[in-house]
Amino acid sequence: MSDHGRTNPDDSVKEELAQIASKLQIPSCKRHVFLCIGDSCCSQEAGEKSWKALKNLLKEQNLSLSDSPSACFRTKVGCLRVCKGGPILVVYPEGHWYFGMTADKIPEFVDRQIVKGEPISEWIFATNPLS
Ligand code: FES
């Protein structure tokens, strides 16, 4: 309902979206990771392997779709505009930009950055927290 008692067609969409957000545990997420799998910064194979490793590990450790204190939302993207030294990954709210995030680095990334909140400085090339 709008302020004037009329039904707003956007209200039902908004309600459905709120339910989807709730199922995805969006309100519980402490971090959001964006991983680029675009072929200008890494091979498609490397990007896909890295994405699969991130997705599986977050699920295995109950960090995805959960209300864990280290719950993390994950999104794969086609380009983060860096286009070099990929796979490129950025994590918020810290705003740490990681390079060379091949699948073999994902377990250490999840353990240190996501679970312990400890940045891995040797893999970070820029930082800009947006809080
Ligand atoms: S393709 Fe990965 S940053 Fe552009």
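This is a predicted model: local features need pLDDT of at least 70, side-chain atom pairs count only at pLDDT 80 or more; totals for chains, interfaces and linings use all residues.
Across which strands does helix α2 lie? Residues are numbered from 1 along each chain as its sequence is written.

**View A. Helix α2 on the sheet.** Helix α2 (residues 44-60) lies across β1 (31-36) and β2, running at about 165° to β2. Helices (H or I, at least four residues) and strands (E, at least two) are DSSP runs, numbered from the N terminus. Axes are lines fitted to C-alpha atoms, for helices over the stretch in contact, and angles run from 0 to 180 degrees between N-to-C directions.

**View B. The open sheet.** Five strands are ordered β2-β1-β3-β4-β5 with mixed pairing (two strands pair if DSSP finds at least two bridges between them). At the edges, β2 (72-77) and β5 (124-127) each pair on one side only. From one strand to the next, the twist averages 20°.

**View C. The β4-β5 pair.** Strand β4 (residues 96-98) runs antiparallel to β5 and is joined to it by three bridges. One of the residues in these strands, Y98, has I124 in β5 as its bridge partner.

**View D. Packing of α2 and α3.** Helix α3 (residues 106-115) packs against α2 at an angle of about 45°, their axes being 9 Å apart. The angle makes α2 oblique to α3 (under 35 degrees is roughly parallel, over 145 roughly antiparallel, 65 to 115 roughly perpendicular, and the rest oblique). S50, A53, L54, L57 and L58 in α2 meet I106, P107 and V110 in α3, contact requiring C-beta atoms, placed from the backbone, within 7 Å.

Technical notes. Two residues are in contact if their C-beta atoms, placed from the backbone, lie within 7 Å.
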